[in-house]
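Thanks, everyone. Let me put the structure up, and then we go through the salt bridges and a surface patch.

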Amino acid sequence: MEMLADQERISVPILMKKTGLSRGFFYKNPIIRKEMDHALEQQAGVIDPRRGVIDAAMDKRMELMQRQMEQLKRENAELKKENEKLQKALGKKNLNFLKSL
């Protein structure tokens, strides 16, 4: 409960260090397991301080990737148009060559 109040991340290894009890104690004891699960559910809403930094970095990265994707889409569309023009020009050139035979 102290860890929950202090917004510390709750995990079995940390509980083992703090209490000196074995891993099995936390997993096999149904009362302890129920309390630990309840605390973990409550903690699900608690934000890890590093998480905000990571989320901000990921948001910036996603924004950059979206801008790059839009730029590549535009470039792709331009290249498709250019390819179409060149295909038409090549078709006309081949047609003119065939007519000259």
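How far along helix α4 are Arg-33 and Asp-37 separated? About one helical turn, because they sit four residues apart in that helix, which covers residues 30-43. Keep in mind that this is a predicted model.

Arg-33 has 28% relative accessibility, so it counts as partly exposed. Asp-37 comes in at 29%, so partly exposed again.

How many salt bridges does the structure hold? Three. Let's take the others.

Next, Arg-67 and Glu-63. Their closest N and O atoms are 3.3 Å apart, and they form a salt bridge. Glu-63 is partly exposed, because its relative accessibility is 45%.

Then Glu-70 with Lys-73. This salt bridge has its closest N and O atoms 4.0 Å apart. Both residues lie in helix α5, with a spacing of three residues, about one turn of the helix. Glu-70 is partly exposed at 37%. Lys-73 is partly exposed at 49%. The cut-off for exposed is over 50%, so Lys-73 stays in the partly exposed class.

Last item, the surface patch. Phe-97, Leu-98 and Leu-101 make up a nonpolar patch. Together they have about 390 Å² of accessible area. Leu-98 belongs to helix α5, residues 49-100. Is Leu-98 buried or exposed? Exposed, because its relative accessibility is 57%.

Notes: Residues are numbered from 1 along each chain as its sequence is written. This is a predicted model: local features need pLDDT of at least 70, side-chain atom pairs count only at pLDDT 80 or more; totals for chains, interfaces and linings use all residues. Side-chain values use heavy atoms; hydrogens and water are left out. Patches are made of residues with over 30% relative accessible area and no salt bridge: like charges are joined within 9 Å, nonpolar side chains (Val, Leu, Ile, Met, Phe, Trp, Tyr) within 5 Å. Accessible areas come from the Shrake-Rupley method with a 1.4 Å probe; for residues, only the protein chains shown count as cover. A salt bridge is a side-chain nitrogen of Lys or Arg within 4 Å of a carboxyl oxygen of Asp or Glu. Helices (H or I, at least four residues) and strands (E, at least two) are DSSP runs, numbered from the N terminus. Buried means under 20% relative accessible area, exposed over 50%, partly exposed in between (1.4 Å probe, protein chains only).
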